[in-house]
Amino acid sequence: MQLPKVYNPKDVEGKWYSFWLEKKYFHADEKDTTRPTYSIVIPPPNVTGSLHMGHALNATLQDILCRWKRMEGHNVLWMPGTDHAGIATQTVVERELAKEGKSRWDLGRDKFIERVWQWKEKYGNYIIEQLKRLGCSCDWDRTRFTMDEGFSRAVREVFVRLYEEGLVYKDKYIVNWCPRCLTALSDLEVEYEEKDGNLWYIKYPLEDGSRYITVATTRPETMLGDTAVAVNPEDERYKDHIGKNVILPIVERKIPVIADPYVDPEFGTGALKITPAHDPNDFEIGKKYNLDVVCVMSPDGTMNELAGRYKGMDRYEARKAIVKELEEKGLLEKVEPYRHAVGHCYRCHTVIEPYVSTQWFVKMKPLAEPAIEVVEKGKTKIIPERWTKVYFEWMRNIRDWCISRQIWWGHRIPAWYCEECGKVSVSREDISRCQHCGSEKIKQEEDVLDTWFSSALWPFGTMGWPEETETLKKFYPTSCLVTGFDILFFWVARMMMMGLKFMNDVPFRDVYIHALIRDEKGQKMSKTKGNVIDPVEMMEKYGTDALRFTLAILAAQGRDIRLSEKKIEAYRNFVNKIWNAARFTLMNLEGFEPVNLQDRKLSLADRWILSRLNRTIENATKALEEYEFDEYASSIYNFVWHEFCDWYVEISKDDLYGNDQDRRLTVQNVLVEVFDKILRLAHPVMPFVTEEIWQKLPIAKGESIMVAPFPKTDKNAMDQEAENDMSFIMEVVSLIRNIKADMGIPLTRRIKAIAKSQDREKHLLEKYSRYVKGLAFLNELEVNEEATRPEKSAMRVAGKTEIYVPLGDIIDFEKEKDRLTRELKKVEKELERVNKKLSNKNFLEKAPQEVVEKEKRIKQELEEKKARLEDALKSIGA
């Protein structure tokens, strides 16, 4: 069965994916009692999303694990689904409405939600189809959505139970507020960026008019809501002022001077304006000293009636006007440039405002303590281990979680307010009467739950909880979670807390945290920078296997991935290499019949390749067990390209094309066995090309490689002696090839080589001279213990053996000397340039790290080339 000359992924990928779906290979079976279980829940992508390179990496790594475990005989559940993504989805639909000249308020809540569901039905599965395009072997029949009926029931159950236990409460609190999205954000939903701003130094006159206290602020517009000035009790400058009043400029309101150790005497003037309504730290100080909370802004970021004549102004417009008035009144002492971190909404990138409002919260400390303990005891392992420390730091300093959002799309909070008795009813089912007084005059809470609240239930909510389903019994806790470090706290920590609370067990045994994908220069990918690489485009251009293999081989633990299209193209060449090696094997199977290789007389090359194959299987399997995806892919790449194709395939040609039928049959069986195992080893990362080739192998057993067993290491086939002997032969061949390259002799030109050798090395060269002569293109190999180096010859050393290549009759020494000298001068000049650059302190300090590293690599390559050219010149007596 032959393969086409060129591998075309488009002819293969759709065909095999449909076949796998048809055969239900992705399906997990709750009723199976014979196989061990393995389960993973997919980090649910947003319904608004389309596949980006981060998704592609995350999904590829999960698919590698799931395909591997299936082949190892596990009953695998890979649970797929999507997230309703509250703010993100509402924003997308609002933009659609804006194109029609409408807003959500024009539609009203019910009609707007109806419109979002319509949008979700039309576009929400786009990313699911892209994941299928990537080859993901999820159990698609189980696809869940964080707002489907069953999951919504789980969300309500969790909220009500937490409320009944006093872990959910409602309170006035200062929150991160987005004036654009008009909703509260959790601390984790705020992205901080360093910005150039100013420190305005403002004079606050003492009530008695004797002097001023100067305070420094980055937000003068909030001063209208000041209710105190605070100083450090140990600060000698202000001891006499504590307990007195100052007059708040512009507003002309009396406010007290208070003392609190929180104030840093070194910052600004050591005096701090306290604005409880507009700063989280001030809010805490305000509670401590029972200060008034004066909110001077509206939810949309404009000034309200408490801002007096600035009412209706945008916050930044008000800032300019207030600064101008302070200047005119002589109350602005000075302005200094000041660089500081400014919080932005993670969705729309608007600068957030700390804002006091009534919100729903979850008490986190009681939930965090068990989640810390299980990681300390090793019940859940975080890989790489360094993320464990980060997890502990966050969990031990956890704050209560604001879970209410002022939007319409999401899980509406199941709380009802009674107009008669004023009490709150919280219920698992929708209610029509107050649970306290029976009144029908009740109104449901307008707010919805934070998207991450429902996501936190993903591992058990997707499996049917609160029902005690067979799926839960069989597949919870899950085996592994694969995720990015950016959602370690948003999602992973919260799943840990909820899983322990409601399932009394951890949600996953292992958490593997992969790195971030950056561009080839190490910069974050973004549309504005124009450096985004689209995974769908790459699959279309180079094939899915090439993309998957590239992502896996670059996925080193704890190191960000530097991706470029050139790398994907390079690994597409590897896919082609496998294809071409398969074509070679299948084209040379005339007269093939399976034999037991243990009964055959094997050559050194046969023993070596079978030993290396099993060493590769051992290394690749160990790498998968330890989540070292790069090592897994590298071991396959190095074996296939640098051992099987470069050496064994070349050596095998003499036997395949020779007249010894018995020998040919042995080599055919070695080729087929190696290929069968390497395809099964590579299948988890390269599912399509491996299936296409495997189906053509004469020894393939079963319907699909997907359900064929993952190769096991055969310790009996490991042959260290064969590896050592072959390694010596390969070194000799490589040295002779290098001499040819250095001297400008074509590789295929047949020349003579002399080996001064003794003992085992001499025996090997004599016994396997056929290998050396064939691979190094020699017409003669003289092996002699007493050999002396001929005049005008090149010399290299392998082990204890000296290799001489006579050059007298092969090259024009004067011309060659001239060529090598010119080349050496060119290299020395380039080396001088690089050394000058690397000795420049300015360059080392200011150039990007990747540029410096590149120059260091160039220097190393030039030094190696210089050494080779000098050796070559010595060889010809120059």
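The points below take up the ring pairs, a ring cluster and the charges over rings.

1. This is a predicted model, in which local features need pLDDT of at least 70, side-chain atom pairs count only at pLDDT 80 or more, and totals for chains, interfaces and linings use all residues. Residues are numbered from 1 along each chain as its sequence is written, and side-chain values use heavy atoms, with hydrogens and water left out.

2. Rings of Phe, Tyr and Trp (its six-membered ring) count as a pair if their centres lie within 6.5 Å, and the pair is stacked with planes under 30 degrees apart, edge-to-face over 60 and tilted for the rest. The count by this rule is 42 aromatic pairs.

3. Tyr169 and Phe361 form a stacked pair, with 5.5 Å centre to centre and 15 degrees between the planes. Because Tyr169 lies in strand E5 (residues 168-178) and Phe361 in strand E14 (residues 353-362), this pair ties together parts that are 192 residues apart in sequence. Strands (E, at least two residues) and helices (H or I, at least four) are DSSP runs, numbered from the N terminus.

4. Tyr173 and Phe283 form an edge-to-face pair, at 5.3 Å centre to centre and with 70 degrees between the planes. Tyr173 lies in strand E5 and Phe283 in helix H8 (residues 280-288), so the pair joins parts that are 110 residues apart in sequence.

5. One aromatic cluster is formed by Phe159, Tyr163, Trp360, Trp401 and Phe453.

6. A charge sits over a ring if NZ of Lys or CZ of Arg is within 6 Å of the ring centre and within 35 degrees of the ring normal. Arg104 lies over the face of Trp408, at 4.8 Å from the ring centre, and Lys132 lies over the face of Trp140, at 5.3 Å.
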